[in-house]
Amino acid sequence: MSLVEKVRSLVGDEDDETYRYECENCGNEFESQAPNPNDVDCPMCESGRIHTAL
Ligand SMILES: [Zn+2]
């Protein structure tokens, strides 16, 4: 599955809600099923400095 197809499937499936986050350390944007950014670490650099991406 391509990234675009995966995003589309996630957007269209409210039973599998994900949240978009951005790492303040390295700028990586990623998705997580955790609703609270305090519970999320960056998958690239493992930083805990995460905020919600718009
Ligand atoms: Zn990072």
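**Salt bridges and a metal site**

Author: The model is predicted. A salt bridge joins R20 to E29, with 2.8 Å between the closest N and O atoms.

Reader: What makes the contact of R20 with E29 a salt bridge?

Author: The term requires a side-chain nitrogen of Lys or Arg within 4 Å of a carboxyl oxygen of Asp or Glu. The closest N and O atoms of R20 and E29 are 2.8 Å apart, so the pair meets that definition.

Reader: Why is R20 called partly exposed?

Author: The class lies between buried, under 20% relative accessible area, and exposed, over 50%. R20 has 33% relative accessibility and therefore counts as partly exposed. E29, at 44%, is partly exposed as well.

Reader: Which parts does the salt bridge of R20 and E31 tie together?

Author: The side chains of R20 and E31 meet at 3.4 Å, N to O. R20 belongs to strand β1 and E31 to strand β2, so this pair ties together parts that are eleven residues apart in sequence. E31 is partly exposed, at 30% relative accessibility.

Reader: How do you know that E24 and R49 form a salt bridge?

Author: Their closest N and O atoms are 3.6 Å apart, and the limit is 4 Å, so the pair qualifies. This pair links distant parts of the chain, 25 residues apart: E24 is in the loop between β1 and β2, and R49 in the loop between β2 and β3. E24 is partly exposed, with 41% relative accessibility.

Reader: What makes R20, E29 and E31 one network?

Author: They are joined by salt bridges that share partners. R20 pairs with E29 and also with E31. The structure holds three salt bridges.

Reader: How do you know which residues are the protein donors of the zinc ion?

Author: A donor is an N, O or S atom within 2.8 Å of the metal. The SG atoms of C23, C26, C42 and C45 lie 2.3 Å from the zinc ion, so they count as its donors. Their spacing in sequence is C-x2-C-x15-C-x2-C. C26 is in the loop between β1 (19-23) and β2 (29-32), and C45 in the loop between β2 and β3 (50-52), so these two tie together parts 19 residues apart in sequence.

Definitions and conventions
Residues are numbered from 1 along each chain as its sequence is written. This is a predicted model: local features need pLDDT of at least 70, side-chain atom pairs count only at pLDDT 80 or more; totals for chains, interfaces and linings use all residues. Side-chain values use heavy atoms; hydrogens and water are left out. Donors are N, O and S atoms within 2.8 Å of the metal (3.2 Å for Na, K and Ca); water is not among the atoms, so sites may look incomplete. Helices (H or I, at least four residues) and strands (E, at least two) are DSSP runs, numbered from the N terminus. Buried means under 20% relative accessible area, exposed over 50%, partly exposed in between (1.4 Å probe, protein chains only).
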